[in-house]
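Here is a short briefing for a first look at this protein. Keep the structure open beside the text and find each residue as it comes up.

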Amino acid sequence: MVKMTKVKGISEGQIWGLSVLFLSVFLIASDFTAFSPALPAIAKDFSVRISFVHWVVNAYALAYGVIIVTSGRLADIYGRGKIFLIGIFIFSLSSLLGGLANEVEVLLIARALMGLGGALAWSAMLGMVYTLLPSDRAGFVGGFILAALGVATACGPVIGGILSDFLSWRWILFINIPIAILVVAFYGLKYPKEKYEKKVERIDYLGVLTLSLSLFLFLLALDFMTEKTTSGILVVCLLVVSLISAISFIIIESYMADDALIPASLVTNRIFMVSGVSVFFVAIAFFAILVYIPLLFISVHHYSAFQAGLALLPAMVSSGIFAFVSGAIHERFGPKLLLCSGALAMSLGLFMLSVHGNHIVYLVFVPGMLLIGIGLGIFSPAAVTAAITSVEASKSSLSGAVVYMFRFLGGAVGLGINSAILASAPDIAAGVNRALLVDGFIVLIGFLISLLFFQEKKGR
């Protein structure tokens, strides 16, 4: 058995525990970004239009976004370790189903189930990592999670590109299975025994159902709008039912109060809501970059999937670097400066990318990509920190989960809007440029919300 080197202040068991969690973060996070350079190949294999294939990402994001808060509560009720293992099992089994899929509908179902499994595992991991070490090592834990997430996010597109080019996009899914087996084996053999206090909470299942239905029908209506063969009456019906579901969700949330998917105590917290809504708008840019920049490089500029994955590195790496810089600036100047400057940088980066034509060399894209990555790195930690620190400590995990919900749901809605723009354009290059331009204005809304409505905590 491998002998673990002891780190000052951390036992060998804790090092093994951190190793298990690092591998788990890598499994969940790298898979999400790995699909970005593989989407054109998936569209070709299943003979579906390129504007439809965004559902491979959206099915995951939508399921992840609506279940992340509930999964955190399930972890508190039934134990983080148990929910973690269930999540990993669902994630790996769904990966096998998706990898073997012969119909695109099966792949989309598998991706939605992967979103469910990923949300269960991730919400449990957040609690596990902060209880694995004593509270005075919280700074180390936060840095560890950010580092693991950054490495996984940056490696995902490169891994996805390599597998797509030299094996098949299906191996992006198949490779999850041996990694998941390692995670479960090391967890069973080496992870310190969990200590938790079982909580009695109401689960807002109706809230999850109505929000999921509302968003899904809205995105489906956007998709159908681009098809000339689809009846306008069907689109209107989908939008009406989506609106009814959204209204039902609001009514249910008011009835559930602090047991709601978005608890009443958070809704009335101005700092939290401004941070969360800003995250919703800014997330659109991140998802757009993941999906549409590789599509542009592969379909228009004739890059390989591997080259397209590498092309995302300026944004991914700069985002990770500036996430750490953001922490130091946050302590000195507070979150508002970071929220505004990060969102503004991302918006300007999107505007820069949106003006490029069909025959531009890659280096012309780099400044815009860097600006988006820098902006994302500055914005994201500040938004999450502002949201979590605006509530009492006992609700920090819940508030963090709700912020992640805003992020994934914003990305899902953004991809639906972008897909409709792409489908209505005369060609892919024009469609991507239009989508990036619209995304730039949407992220600018996030900037304005932070600028006009965010108030620093008293005493800063």
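The model is a predicted one. The points below begin with the whole protein, then turn to single helices and residues.

**Overall picture**
- The protein has 18 helices and zero strands.
- Of its 460 residues, 57% are buried.
- The accessible surface comes to about 19,300 Å². Carbon and sulfur atoms account for 71% of that surface.
- Take the contacts between residues at least 6 apart in sequence: 82% of them join residues at least 24 apart.

- Ser94 sits in helix α4, which spans residues 80-99.
- Is Ser94 buried or exposed? Ser94 counts as buried, because its relative accessibility is 4%, under the 20% cut-off.
- A polar atom of the Ser94 side chain lies 2.7 Å from the backbone oxygen of Ile90.
- Beyond residues up to four places away in sequence, Ser94 touches Ala110, Leu113 and Met114.
- Gly98 is also part of helix α4. Its relative accessible area is 0%, so Gly98 is buried.
- Which residues does Gly98 touch, not counting those up to four places away in sequence? They are Leu107, Ala110, Trp169, Arg170 and Leu173.
- Gly98 and Arg170 are 72 residues apart in sequence. In space, their C-alpha atoms are 7.6 Å apart.

**The salt bridge**
- How many salt bridges does a search of the whole structure find? The search finds one.
- Asp31 forms a salt bridge with Arg111. Their closest N and O atoms are 2.9 Å apart.
- Asp31 lies in helix α1 (residues 12-34) and Arg111 in helix α5, so the pair ties together parts that are 80 residues apart in sequence.
- Both partners, Asp31 and Arg111, are buried.

**Helix α2**
- Helix α2 covers residues 39-46. Its buried residues are Leu39, Pro40, Ile42, Ala43 and Phe46.
- Why do these residues lie on the same side of α2? They do so because they cover an arc of only 160 degrees around the axis.
- Ser47 follows α2 and has a positive phi, near 55 degrees.

**Helix α17**
- Ile421 has its place in helix α17, residues 396-424.
- With a relative accessible area of 16%, Ile421 is buried, because buried means under 20%.
- Leaving aside neighbours within four places in sequence, Ile421 is in contact with Gly431, Arg434, Ala435 and Val438.
- Ile421 and Leu222 are 199 residues apart in sequence. Their C-alpha atoms are 9.6 Å apart in space.

Definitions and conventions. Residues numbered from 1 in each chain as written. Predicted model: local features only at pLDDT ≥ 70, side-chain atom pairs only at ≥ 80, totals over all residues. Heavy atoms only, no water. Helix = DSSP H or I, 4+ residues; strand = E, 2+ residues; numbered from the N terminus. Buried < 20%, exposed > 50% of the residue type's maximum accessible area, 1.4 Å probe, protein only. Polar contact = N/O pair within 3.5 Å; in protein donor to acceptor, adjacent residues only side chain to side chain. Contact = heavy atoms within 4.5 Å. Areas by Shrake-Rupley, 256 points an atom, 1.4 Å probe, with all protein chains shown as cover. Arc of directions from axis to C-beta. Salt bridge = Lys/Arg side-chain N within 4 Å of Asp/Glu carboxyl O.
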